[in-house]
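I opened my notebook today to go through a structure piece by piece. Come along and have a look at it with me.

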Amino acid sequence: MTDPHLLRTLAPLLAAESKAEAPAAGVDAGDLEQAVWLKLLERLQDDDAPTHPADWLRRAVRAEARRARRAALRERPYPGEEAGDPHDATPESTALTTERRRAVRAAVRRTPGHCPRLLTAMLDPADPTYREIAGELGISQGSLGPMRSRCLGCLRRMLAAEVPAASPRGRVRETDPRIR
């Protein structure tokens with residue numbers, strides 16, 4: 001059960017913290033504030049109310065800002081692709097993007113061992129932390145980095161074998177002798 005007095009008391013603090021953290025995170029203060037409200041309301045709904053709500057709120061704002069910064073660092077357009085409103089995309093670019101994502105997801109499913117589960121967890125749009133991924137997979141957090149490197153190397157080799165490499169003059173090399 002949510003306490004309306006608690007929410008009214010925390011509103012100015014959340015607004016101030018969000019306004020302070022948002023510029024460095026590259027997000028709108030309102031978006032940051034909304035994400036933290038959602039986390040707080042989920043905790044309150046689960047009867048997992050923080051014992052020190054103001055301290056929890058400050059930590060939650062900073063954690064959400066870090067998540068937004070990490071997401072912004074990863075979300076870069078490919079060379080030749082414009083970053084912008086997805087509604088402005090042409091049908092051709094949308095189809096190519098969809099096909100590229102489908103190819104990567106299919107290659108992830110074909111990787112050996114624990115790689116499909118690990119890479120799928122890392123591709124999760126919810127952007128889980130290493131601790132969350134380790135808990136989900138039942139492995140130690142310290143082994144995630146080396147395992148991730150091996151899995152990404154395997155995925156890179158698989159995709160490189162499927163996509164013909166360009167020659168120095170811009171023509172596609174024929175890697176398969178049957179292709180002539």
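**Entry 1: before starting.** I remind myself that this is a predicted model.

Entry 2: I looked up E17 and found it in helix α1, which covers residues 4-25. Is E17 buried or exposed? I get a relative accessible area of 13% for E17, and because the cut-off for buried is under 20%, E17 counts as buried. Setting aside residues up to four places away in sequence, I see E17 touching R58, V61 and R62.

Then I turned to E21, which also lies in helix α1. E21 has a relative accessible area of 18%, so I noted it as buried. Which residues does E21 contact beyond its neighbours within four places in sequence? My list for E21 reads L32, V61, R62, A65 and R69.

**Entry 3: how α2 meets α3.** Next I took helix α2 (residues 29-45) and helix α3 (residues 53-74), whose axes come within 9 Å and cross at roughly 125 degrees. That angle is why I call α2 oblique to α3. The crossing of α2 past α3 is right-handed.

Which residues make the contact? From α2 I wrote down L32, A35, V36, K39, L40 and R43. From α3 come W56, L57, A60, V61, E64 and A65. Sorted by class, this contact holds nine nonpolar and three charged residues, with no polar ones.

**Entry 4: helix α7.** I checked the span of α7 (residues 144-162): its 19 residues reach 27 Å from the first C-alpha to the last, close to the 27 Å expected at 1.5 Å a residue. Which residues of α7 are buried? I found L144, G145, M147, C151, G153, C154, L155 and M158. The buried residues of α7 pack against α4 (91-110), α5 (115-122) and α6 (130-137).

Entry 5: V104 sits in helix α4. I have it down as partly exposed, since its relative accessible area is 30%. V104 and L155 are 51 residues apart along the chain, and I get 8.5 Å between their C-alpha atoms. Leaving out neighbours within four places in sequence, V104 is in contact with L155 and L159. L155 is one of the buried residues of α7.

Notes: Residues numbered from 1 in each chain as written. Predicted model: local features only at pLDDT ≥ 70, side-chain atom pairs only at ≥ 80, totals over all residues. Heavy atoms only, no water. Helix = DSSP H or I, 4+ residues; strand = E, 2+ residues; numbered from the N terminus. Buried < 20%, exposed > 50% of the residue type's maximum accessible area, 1.4 Å probe, protein only. Contact = heavy atoms within 4.5 Å. Axes fitted to C-alpha atoms, helices over the stretch in contact; angles between N-to-C directions. Parallel < 35°, antiparallel > 145°, perpendicular 65-115°, else oblique. Left-handed = near helix turned anticlockwise from the far one by under 90°. Nonpolar A, V, L, I, M, F, W, Y, C, P; charged D, E, K, R; others polar. Expected span 1.5 Å × (residues − 1).
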